[in-house]
Amino acid sequence: NYVYRKEKDAFPFFLRANDLKSKIDIKKIPLVVKHYQFIANFYSYIGDQGSAVSYLQDALPFSKRASRARVDLTNAIAVYLSKDSLNQQALIYLNRAMEEAKLARDSVWIGIISGNLADQAWKAGDRERAIELVQKNIDLSMRYNERKDAMRAQLNLASWYLTLKQLKLAKQHVVSGINLMEDKPYFLKYKMDASKLLSDIAHGLDQKEEELKQLHVYLILKDSLEKRIN
């Protein structure tokens with residue numbers, strides 16, 4: 001149900017699984033890393049980052065050293081901590097994830113983690129380092145055909161250039177992000193974000209007609225998204 005974006009139907013099954021968690025020996029669960037990561041993803045989706053982190057921390061000892069699974073878990077813990085604004089803890093896990101990715105010689109994950117480290121650098125005020133890291137994220141993601149991650153990074157970079165008042169660069173990266181999107185429910189949020197960015201960029205360029213056009217698209221997409229996640 002959750003894979004097919006039927007979150008309402010999935011909800012009671014996740015809750016029941018959570019109730020059973022304390023009654024089961026984790027060592028006897030097959031594919032525990034895969035299943036706990038899936039449950040963590042759901043809890044993060046509904047805004048319960050604490051439960052998401054708890055599941056991943058339980059699963060972490062069952063992942064192999066220098067494996068893609070461990071890199072993924074460690075990075076996800078950092079992402080969920082960051083969503084709760086626990087940035088110092090998040091940075092610790094991101095650095096661990098990067099060590100694991102380098103040991104595994106996994107260029108895709110090195111790119112993804114670089115993007116997440118870029119977020120932390122931006123929050124810390126190191127803008128030059130943040131832009132350098134997110135560019136690395138985009139380059140590696142495109143080289144290894146990780147289009148979703150490249151798309152997210154492009155929009156992220158566009159928002160930073162907007163903050164820096166470099167409007168033409170901002171628009172260039174929004175357009176690059178849009179070109180990586182597909183006509184699937186997953187991309188609805190990012191299409192909404194892209195329209196808002198284009199509206200703000202048009203405002204900065206004093207392009208009033210384009211600003212209103214993009215704002216109108218943004219509001220339609222926002223309404224559609226809110227109906228999905230109500």
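Guide: What follows is a conversation about salt bridges in this predicted model.

Visitor: How many salt bridges does a search of the whole structure find?

Guide: The search finds twelve salt bridges.

Visitor: Why is the contact between lysine 196 and aspartate 200 called a salt bridge?

Guide: The term requires a side-chain nitrogen of Lys or Arg within 4 Å of a carboxyl oxygen of Asp or Glu. For lysine 196 and aspartate 200, the N to O distance is 3.0 Å, so the pair meets the definition.

Visitor: What separates lysine 196 and aspartate 200 along helix H10?

Guide: They stand four residues apart in helix H10 (residues 188-204), which means a separation of about one helical turn.

Visitor: Why is lysine 184 called partly exposed?

Guide: Partly exposed covers values between the buried limit, under 20%, and the exposed limit, over 50%. Lysine 184 has a relative accessible area of 48%, and therefore it counts as partly exposed. Its salt-bridge partner is glutamate 182, with the closest N and O atoms 3.1 Å apart. Glutamate 182, at 32% relative accessibility, is also partly exposed.

Visitor: What makes glutamate 100 and arginine 70 a salt bridge, and are these residues buried or exposed?

Guide: Their closest N and O atoms are 3.9 Å apart; the cut-off is 4 Å, so the pair qualifies. The bridge links distant parts of the chain, 30 residues apart, with glutamate 100 in helix H5 (residues 87-104) and arginine 70 in helix H4 (residues 68-83). Both glutamate 100 and arginine 70 are buried.

Note on methods: Residues are numbered from 1 along each chain as its sequence is written. This is a predicted model: local features need pLDDT of at least 70, side-chain atom pairs count only at pLDDT 80 or more; totals for chains, interfaces and linings use all residues. Side-chain values use heavy atoms; hydrogens and water are left out. Helices (H or I, at least four residues) and strands (E, at least two) are DSSP runs, numbered from the N terminus. Buried means under 20% relative accessible area, exposed over 50%, partly exposed in between (1.4 Å probe, protein chains only).
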